Amino acid sequence: MSVKRREVWFAVGMIVAVTLINGLMTYVTSDNALKIMLYFVGIIFVSRFTQGYIIGLATTAVSVLLFDLLFVQPFYSLQFYQNGYGIIFLAMFVTATICWPNTDTRYD
């Protein structure tokens, strides 16, 4: 299965958009549940509107790393100490896996 450049840019754009929105939300609320939900929405969009699971799973991995790095204490580290985040990260991967790709879209 080949990965199309347009799909990669769509995924990158979605990750950047969600991360920027979450960065702005930091000034409004410190609740990470809302930020996680935005990453879920981004993952669902990428998994649904691209062909196959590779880009969805890659988007999930990058989203998890960015969320952990930027929004979980201690900030700017890849360590998290809050209970439940491991389960949330697993749920993100499951979400990307079960979202059926849109096979009706033709890019060629």
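Over the ring of which residue does the charged end of Arg48 sit?

**View 1. Arg48 and the ring of Phe49.** In this predicted model, the charged end of Arg48 sits over the ring of Phe49, 5.8 Å from its centre. Phe49 itself is partly exposed, at a relative accessible area of 38%.

**View 2. Phe45 and Phe49, a tilted pair.** Counting aromatic pairs here gives 4. Phe45 and Phe49 make up one of them, with 5.8 Å centre to centre and 40° between the planes. That angle falls between the 30 and 60 degree cut-offs, so the pair goes down as tilted. Phe45 is partly exposed, with 39% relative accessibility.

**View 3. Phe67 meets Phe89 edge-to-face.** For these two rings, the centres are 6.2 Å apart and the planes stand at 80°, so this pair counts as edge-to-face. The pair ties together distant parts of the chain: Phe67 belongs to helix α3 and Phe89 to helix α4, 22 residues apart. Both Phe67 and Phe89 are buried.

**View 4. Ser77 in the loop between α3 and α4.** Helix α3 covers 54-71 and α4 covers 85-98, and Ser77 lies in the loop between them. Leaving aside residues up to four places away in sequence, Ser77 touches Asp68 and Leu69.

Notes. Residues are numbered from 1 along each chain as its sequence is written. This is a predicted model: local features need pLDDT of at least 70, side-chain atom pairs count only at pLDDT 80 or more; totals for chains, interfaces and linings use all residues. Side-chain values use heavy atoms; hydrogens and water are left out. Helices (H or I, at least four residues) and strands (E, at least two) are DSSP runs, numbered from the N terminus. Contact means heavy atoms within 4.5 Å. Rings of Phe, Tyr and Trp (its six-membered ring) pair if their centres lie within 6.5 Å; planes under 30 degrees apart count as stacked, over 60 as edge-to-face and the rest as tilted. Buried means under 20% relative accessible area, exposed over 50%, partly exposed in between (1.4 Å probe, protein chains only). A charge sits over a ring if NZ of Lys or CZ of Arg is within 6 Å of the ring centre and within 35 degrees of the ring normal.
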